[in-house]
Amino acid sequence: MDARKIRQDFPILRIRHNGKQIAYLDNAATTQKPRSVINAVKEYYENYNANVHRGLNFLSQKATDKYEEAHEKTARLINAKNSAEIVFTKNATESLNLLAYSLGEKISEGDEILLTKMEHHANLVPWQELAKRKKAKLVFAGITREGKLDLEDFALKIGNRTKIVSVTQASNILGTINPVKRLAKEAKKNGAIFIIDAAQSVPHIKIDAKGTGADFMAFSAHKMLGPTGIGVLWGKEEMLGEMPPFLTGGDMISEVTFEKSTWNKLPWKFEAGTPNIAGAIGFGAAIDYLKKIGFAGIRAQEQRLLKYGLKRLSEINGVKLYGPKAGERTGIIAFNLNNVHPHDVAGILDENAVAIRSGNHCAQPLMNEMGIQGVARASFYIYNTPEEIDRLADGIIRAKKVFGV
Ligand SMILES: Cc1ncc(COP(=O)(O)O)c(C=O)c1O
C-alpha cells in the first residue's frame with residue numbers, strides 16, 4: 001500500500017496552516033474522509049434525499065436500499081451473523097449507553113460489573129450510572145507497568161457476582177491491544193455478558209465479531225474514514241431480541257395503540273426516529289474504501305509508522321513514551337516532554353501544522369493511575385508518512401528549545 005497515492009484521495013490533506021502543509025496525526029480522535037465518502041453523502045443529498053422505511057416513492061425506496069446496504073456492509077466487515085445484528089447509533093458512546101440502559105434489567109443489588117483501568121469515559125460513565133441505579137458494584141482489572149492489561153488480576157476479579165464484563169479492545173492512549181478472545185472465554189466461564197469497546201480496534205485490525213466469543217461490540221464510523229454522527233452496536237441476535245429498546249418513538253415500533261406498543265424487528269427496534277441516513281451511506285463508502293486496501297495492509301503500514309515513530313521519539317532526550325512494545329499495540333504514541341504541559345507541546349506542533357491531541361483523552365482515571373495529568377498523543381492512519389513523523393520529532397525538538405528543557 002502506498003500512502004502517497006492514498007493521500008490524493010483526501011482533499012483536506014492538501015490544506016496549509018502557517019504556510020505549511022498539514023501533517024494530520026490525530027486519527028485516534030477522528031480520521032479524515034476520502035473523496036468517495038464525501039461524494040456518497042453529497043450524492044444522497046443531491047440525487048435521492050428522502051426518509052427511509054416510509055414511502056413507496058422511488059426516492060424513499062432508493063434511500064432505504066442504500067441505508068440497508070450499509071447495515072449489510074457493516075455486518076460483513078466484522079463478520080456478524082447478519083444485518084439484524086447491526087444497530088446504527090450516533091457513535092460508540094451511544095452504543096455503550098444503549099447497553100448500559102437495556103441490559104439494566106439483568107443487574108440486581110450487589111452484582112458486579114467488571115471493567116479495566118484503561119477504559120475511555122464512554123465505557124465507564126454509563127456503567128457508573130447503571131451501578132448507581134441498581135446498587136451494583138464496579139470492579140476494575142489493573143494494568144501492568146508496561147501498560148498492558150494485568151491478565152491475572154482480570155481473572156481474579158471475575159466471580160459469581162460478575163454479570164457484565166466490558167473491555168476496550170485497544171486503548172486510546174496506550175494503544176495496547178487486549179486479548180479479547182481470551183477475556184471473553186474467562187467471562188463466559190463465569191456466565192457473564194461480554195462487551196467489547198472496539199472504537200480503537202475496528203478501524204485498524206481485522207475483526208471477527210462472532211469469533212471473539214463476545215456478546216456485543218461498539219464502534220464509531222468517524223474513526224474509520226466515515227462521517228460523524230453514525231456509530232455501530234453489534235450484538236448477538238438472540239440477546240438484542242431479548243433486550244428492551246433504549247429510545248422509543250417512530251421507526252422502532254410494529255404496532256401502537258393509545259395504551260401500548262409492540263416493537264419492530266431487529267435492528268430497527270433500536271433505531272428510533274429518523275436515522276442518520278447520509279451518515280450510514282457515507283459509512284458504507286468508507287467500508288468499501290478500507291476493504292479495497294485490506295486490513296493486513298493497514299496494520300502493516302501502521303506498524304511501520306509506529307516503529308519509526310517510537311524510534312525517532314525515543315532518541316529525543318526528555319521524551320517519555322507510554323505503552324507496550326510495537327507489536328502489542330495500535331498506531332498510537334502517547335508521550336510527555338519533561339515537565340512541559342502536553343498542551344504546550346501540542347501548541348508548538350500546531351504552529352508547524354502538525355496536528356496531534358493533548359490532555360487526558362477522556363481517560364482521566366487512567367491518567368490518575370499513571371500518576372500524570374495528561375499526555376500528548378500522535379496517532380496514525382493509512383495516509384500518514386515517515387516524513388510527517390520527522391516533522392513531529394522536529395516539532396518536539398523545537399518545543400524543547402522554546403521551553404528550555
Ligand atoms: C476507546 C474509545 N472508546 C470509545 C470512544 C468514544 O467514541 P465516540 O466519541 O465516537 O463515541 C472513543 C473515542 O475516542 C475511544 O477512543
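## Aromatic cluster and ring pairs

Phe 10, Tyr 289, Tyr 381 and Tyr 383 are joined into a cluster by ring pairs, where rings of Phe, Tyr and Trp (its six-membered ring) pair if their centres lie within 6.5 Å, and planes under 30 degrees apart count as stacked, over 60 as edge-to-face and the rest as tilted. This is a predicted model, in which local features need pLDDT of at least 70 and side-chain atom pairs count only at pLDDT 80 or more, while totals for chains, interfaces and linings use all residues. Residues are numbered from 1 along each chain as its sequence is written, and side-chain values use heavy atoms, with hydrogens and water left out.

Seven aromatic pairs are found in a search of the whole structure. In one of them, the ring centres of Tyr 101 and Phe 246 are 5.4 Å apart with the planes at 50°, so the pair is tilted. The rings of Tyr 381 and Tyr 383 have centres 6.2 Å apart and planes at 90°, so this pair is edge-to-face.

## Exposure of the paired residues

Tyr 381 is buried, with a relative accessible area of 0%, and Tyr 383 is likewise buried at 0%, whereas Tyr 101 is partly exposed at 43% and Phe 246 is partly exposed at 23%. Here buried means under 20% relative accessible area, exposed over 50%, and partly exposed in between (1.4 Å probe, protein chains only).

## Side chains at the ligand

A nitrogen atom of the ligand lies 2.6 Å from an N or O atom in the side chain of Asp 197. Oxygen atoms of the ligand lie 2.7 Å from such an atom in the side chain of His 222 and 2.6 Å from one in the side chain of Lys 223.

Terms used:
Polar contact = N/O pair within 3.5 Å; in protein donor to acceptor, adjacent residues only side chain to side chain.
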